[in-house]
Amino acid sequence: MITFLLALLALVAGYIFYGGFVERVFSPDDRPTPAIEKADGVDYIVMPNWKVFMIQFLNIAGTGPIFGAIMGMWYGPWAYLWIVFGCIFAGAMHDYLSAMLSMRHGGANLPQLIGLYLGKQTKAVMLVFSFFLLVMVGVVFVYSPAILLSGFYGSTMFWIVVIFIYYVMATMLPIDKLIGKFYPIFAFALLFMAVALLVVLLIKMPALPELWTATDSLNSNNPKSLLGVETFVGKNPLFPCLFLTIACGAISGFHATQSPLMARCLKSERMGRKIFYGSMITEGIVALIWATVSSYFFYYGGWREIVGAETVEAFLSQAQTPDGKTLIQYFTAPEVVKLVCTGWLGVFGGILAVFGVVAAPITSGDTAFRSARLIVAEALGMGQKSIAKRLYVAVPIFILALLLMVWQLENPDGFNTIWQYFGWGNQTLAVFTLWMLTVYLAQNKKLFVIALIPAMFMTLISSTFVFVSPQALGLDVMIGYPFGLCVMLLVSLIFYNWYRKNRKESVNQ
């Protein structure tokens with residue numbers, strides 16, 4: 001627990017000190033915001049700061065900081081380092097600067113911002129890339145909450161239909177009519193879940209793997225070994241796969257597609273750090289809690305306490321469990337969430353906690369579709385004040401989503417396939433956003449190194465994944481690592497040449 005407590009303190013300190021430093025680099029002021037200058041009663045609306053924070057937090061907090069943290073802990077306590085350093089120096093900075101830049105450009109969407117700073121050709125690529133990523137997010141975040149809800153009532157298909165109908169309504173209605181009213185309730189459930197689990201951890205103070213005892217984490221009497229997770233880690237090496245497995249709790253390109261929604265609802269630039277940097281730090285805390293819970297569950301007796309002695313014996317004998325489930329079914333991320341929440345928080349607390357987990361993907365899925373509508377409308381130059389124009393844009397998006405969903409349901413490995421593409425696409429989008437922020441800061445003679453270092457690192461991560469992951473080229477790491485490094489160095493050289501030329505032109509002027 002020492003590593004966890006230190007990591008928790010580090011995230012809070014990161015918000016106070018590094019968040020304040022990034023804010024000073026950007027220098028917010030009192031100019032009118034898009035919510036005031038472009039108010040339309042649909043997407044550009046001034047809302048209370050607390051409500052904007054809640055919506056932003058829920059927009060970005062899908063299943064990533066929960067499911068990703070659970071799976072990321074398969075790599076051991078090293079996951080703590082990525083959550084803390086990734087969140088403070090990359091993710092929160094990425095979310096804050098991309099949101100503030102959107103505000104400075106009238107609430108512009110990410111593809112438009114990338115076009116302004118990385119060129120029209122890159123804009124065209126990112127327009128298509130971000131559109132399909134958002135549709136994949138919407139489809140993935142229909143299916144995963146439906147699975148969780150079906151454990152309490154109804155079938156998975158029933159909940160898919162219900163959630164999809166909600167998505168249509170949330171995409172079409174003004175942002176303060178449905179999203180603005182229900183998100184505070186969803187946020188309470190999600191925060192209750194995180195705080196309740198934190199309290200249980202602090203009461204139990206279990207002995208957990210620490211950074212300095214990581215090599216002692218594995219033994220033959222825990223489910224991690226029984227599930228063959230070592231084989232999984234061997235096929236998916238810590239570098240770079242950990243950095244894509246835990247995305248939303250550290251850095252996520254998806255967030256930059258969501259931040260413009262709230263950049264259009266904020267009354268003052270000076271609230272930006274609390275809203276955007278703060279919501280990412282909050283998400284990092286959620287990821288940290290779930291990483292710790294799953295560490296206890298996977299390693300040091302938590303599974304025995306929660307699952308029960310009879311079931312443990314069935315696990316150890318490789319037999320079917322008393323309730324008819326196989327071993328692997330008990331240790332998927334959704335199953336771990338249900339077991340932990342109901343086992344630790346009782347029936348009512350467990351239902352409320354699971355509701356919070358369900359709310360996270362639902363409230364990211366609806367805004368993903370909304371962002372897709374706005375990105376397409378912006379590209380077509382089509383205003384969205386009239387409901388007819390909203391329908392022109394939204395109907396084809398939902399038809400595409402339905403086709404993708406049907407394929408996913410009919411393909412036994414459809415969900416995993418879409419999730420894998422989403423994971424890589426998510427971090428690749430973060431790469432482009434970070435380079436865009438680096439160029440913006442360099443052009444405006446600001447300290448661009450705060451974006452440059454994360455941009456270089458995430459370029460290395462995304463390119464290396466393409467070379468070494470079994471889901472991509474699957475090359476040996478001795479070949480894949482140098483190839484990934486070469487891609488990072490090439491992109492960095494392109495930036496250096498641009499920067500040198502831009503600085504020379506600036507001096508001549």
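User: What comes with the model before we start?
Analyst: The model is predicted, so local features need pLDDT of at least 70 and side-chain atom pairs count only at pLDDT 80 or more, while totals for chains, interfaces and linings use all residues. Residues are numbered from 1 along each chain as its sequence is written, and side-chain values use heavy atoms, with hydrogens and water left out.

User: How many helices and strands does the protein chain have?
Analyst: The protein chain has 21 helices and zero strands; helices (H or I, at least four residues) and strands (E, at least two) are DSSP runs numbered from the N terminus.

User: How much of the chain is buried?
Analyst: Of the 509 residues, 58% are buried, where buried means under 20% relative accessible area, exposed over 50% and partly exposed in between (1.4 Å probe, protein chains only).

User: Where does α5 bend?
Analyst: The bend is at C87, by about 55 degrees; this is the angle between axes fitted to the seven residues ending there and the seven starting there. Helix α5 covers residues 78-104, and 22 of its 27 residues are buried. Just after α5, G106 has a positive phi of about 70 degrees.

User: Which residue pairs with R104 in a salt bridge?
Analyst: R104 pairs with D29, the closest N and O atoms being 3.6 Å apart. A salt bridge is a side-chain nitrogen of Lys or Arg within 4 Å of a carboxyl oxygen of Asp or Glu. R104 belongs to helix α5 and D29 to the loop between α1 (2-26) and α2 (34-37), 75 residues apart.

User: And what does D30 do?
Analyst: The side chain of D30 meets that of R270 in a salt bridge (2.8 Å, N to O). D30 is in the loop between α1 and α2 and R270 in the loop between α13 (254-263) and α14 (272-298), so the pair ties together parts 240 residues apart in sequence.

User: Is E269 buried or exposed?
Analyst: E269 is buried, at 2% relative accessibility. Its salt bridge partner R31, with closest N and O atoms 3.9 Å away, is partly exposed at 39%.

User: Which residues are linked in a network?
Analyst: D29, R31, R104 and E269 are linked in a network of salt bridges.

User: Changing topic, which residues form the nonpolar patch?
Analyst: F152, Y153, F158, V162, V347 and I351 form a nonpolar patch on the surface. The elements that give two or more residues to this patch are α8 (156-172) and α17 (333-380).

How values were computed. Expected span 1.5 Å × (residues − 1). Patch = residues over 30% accessible without salt bridge, like charges linked within 9 Å, V, L, I, M, F, W, Y side chains within 5 Å. Areas by Shrake-Rupley, 256 points an atom, 1.4 Å probe, with all protein chains shown as cover.
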